[in-house]
Amino acid sequence: MEKQNKRDMICRRIASELKDGDYCNLGIGLPTGVADHIPSDMRVYFQSENGILGAGPRPESGMEDPDLINAGGGPITAIPGASYFDSFWSFSMIRGGHVDMTVLGALQVDQEGSIANWMIPGKLVPGIGGAMDLVSGARQVVAAMEHTDKYGKSKILKKCNLPLTGHRVLTMIVTDMAAIKVTDEGLVLVDVAEGFTVEDVIKATDADLIIPDTVGLFN
Amino acid sequence: MPQIITGKQAAMMLRDNDRIMVSGFLVSGCPEYLMECIVATDVKNLHLVGISTDYDDRGVGKLITAEKVKSLQVSHIGTNKTTQALYKSGKLDIEFVPQGILMERIRAAGAGLGGIFSPVGVGTDVAEGKETLEENGRKFILERPIRARVSFIKAKTADKLGNLVYSKMSRNSNPVMAMGSEITIVEVDEIVETGEIDPEKVVTPGIFVDYIVRKGE
């Protein structure tokens, strides 16, 4: 499957977890695409940690405003009813459990529900940004990621070996192969992506998976 | 009551090894004119507190590129290649602080608190060596205040009492950084007469502002 189709599929599956009226924060990169898959009869309010509730789509060319940007610096708009606020308010919303869902990219996740996405020692050091606050406070914490790395190795591990962004914080993991719920008992395989079998997913996953009697399909 | 000064006068207040805060999120809300004024001085070895280091040639990144900074407390450097290179080569000392907790630690300094107990980063490197507290079944870590000598912030409009109004999302770290230092210098697009800003619309009360610089002056 082409990369963009994979990304769309992951984002569509995550969007299906949102309810009308939810407040949601999307991380930069892959998660941004979730906004494009909200059903038209539903309204989800997007929060960006740099200070907006009610972020809208990218403006038309020429209408960009340097003071209306998403967390990655890209231009956005404000929908009717949006509000602006400072970073202290913004993270109070996030940590205080007022945001229904946050979706983040991940380098690694594990079967305890931990996530690593802020550094690879000696190589990549972008920094923590708002990610640690987000995973500590949002009601649902969803990792959106490719199931395996470029060498075909599982990114869903028994235990992360990169520096953690959050310890036991995830509620869900959605990849190009599977939708997985994080429970107190462990990782439960909920859905398998079209084109794969349950066996394929088990084989491609380092972490232990709990396989319920019925596993759904998504595409 | 704040004094209206020039950007050059503001920059000349800095001394070598000063601790400073600079507001903004990826340039939005950054006092860019004041950054240019600081770059034009001889000051060096600054300790910088900020959300990110913006871009190599824009925002607070100008201070990094001009080699004015020796250490950082920051949440993100991913958009600035110079910062990353200096960090990797050991020329820049960095404490990474989760963004919301950076704000809370500055707020603690400005609000007269001895620190805050935070759930952020429990079970990660951020928690290492920090005192803990159990509350309602959850673990928290002690995060100490972050203060500086001078805060450089950016607003759209100031009145002559220093009451501030911002433009859209440029507000970000400005209100909290206005509280966190001994001296707060604000760069503004316009200065209006006292009373011209509706008290209902004031975001940062003038009590937190010491000096006002009109952009470009």
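Predicted model: local features only at pLDDT ≥ 70, side-chain atom pairs only at ≥ 80, totals over all residues.

1. Between the two chains, 33 residues of chain A are in contact with 37 residues of chain B. On the chain A side, the elements that give two or more residues are H2 and helix H3 (131–137). H2(A) gives the most to this side, with five residues. By class, the chain A side has 15 nonpolar, 11 polar and seven charged residues.

2. One helix pair spans the two chains. Helix H2 (residues 87–95) of chain A packs against helix H5 (residues 99–110) of chain B at an angle of about 125°, and their axes are 9 Å apart. That angle makes H2(A) oblique to H5(B). The crossing of H2(A) and H5(B) is left-handed. From H2(A), the contact is made by A:Ser87, A:Phe88, A:Phe91, A:Ile94 and A:Arg95; from H5(B), it is made by B:Gln99, B:Gly100, B:Met103 and B:Arg107. The residues of this contact divide into four nonpolar, three polar and two charged.

3. Six of the eight residues of E4(B) are buried, so the strand is largely enclosed by the rest of the structure.

4. Leaving aside residues up to four places away in sequence, B:Lys70 touches B:Asn45, B:Leu46, B:His47 and B:Asp93. B:Lys70 and B:Leu92 are 22 residues apart along the chain, yet their C-alpha atoms are separated by 5.3 Å.

5. In chain A, strand E2 (residues 45–48) and strand E3 (residues 52–56) pair in the antiparallel sense over two bridges. The bridge partner of A:Gln47 is A:Leu53 in E3(A). E2(A) and E3(A) form a hairpin with three residues between them; in the turn, A:Gly51 has a positive phi of about 125°.

6. E3(A) also pairs with strand E4 (residues 77–84) of chain A, in the antiparallel sense and over four bridges. Here A:Leu53 has A:Ser83 in E4(A) as its bridge partner.

7. Another part of chain A holds an open sheet of three strands with the order E7-E6-E9 and mixed pairing. Strand E7 (115–116) and strand E9 (156–157) stand at the edges, each with a single partner strand, so one side of each is left without a neighbour in the sheet. Strand E6 (residues 108–110) of chain A pairs with E7(A) in the antiparallel sense over two bridges. In that pairing, A:Gln108 stands opposite A:Ala116 in E7(A).

How values were computed
Residues numbered from 1 in each chain as written. Chains lettered and ligands numbered in written order. Axes fitted to C-alpha atoms, helices over the stretch in contact; angles between N-to-C directions. Parallel < 35°, antiparallel > 145°, perpendicular 65-115°, else oblique. Left-handed = near helix turned anticlockwise from the far one by under 90°. Contact = placed C-beta atoms within 7 Å. Nonpolar A, V, L, I, M, F, W, Y, C, P; charged D, E, K, R; others polar. Pairing = 2+ DSSP bridges. Buried ≥ 20, exposed ≤ 12 C-beta atoms within 10 Å, placed from the backbone.
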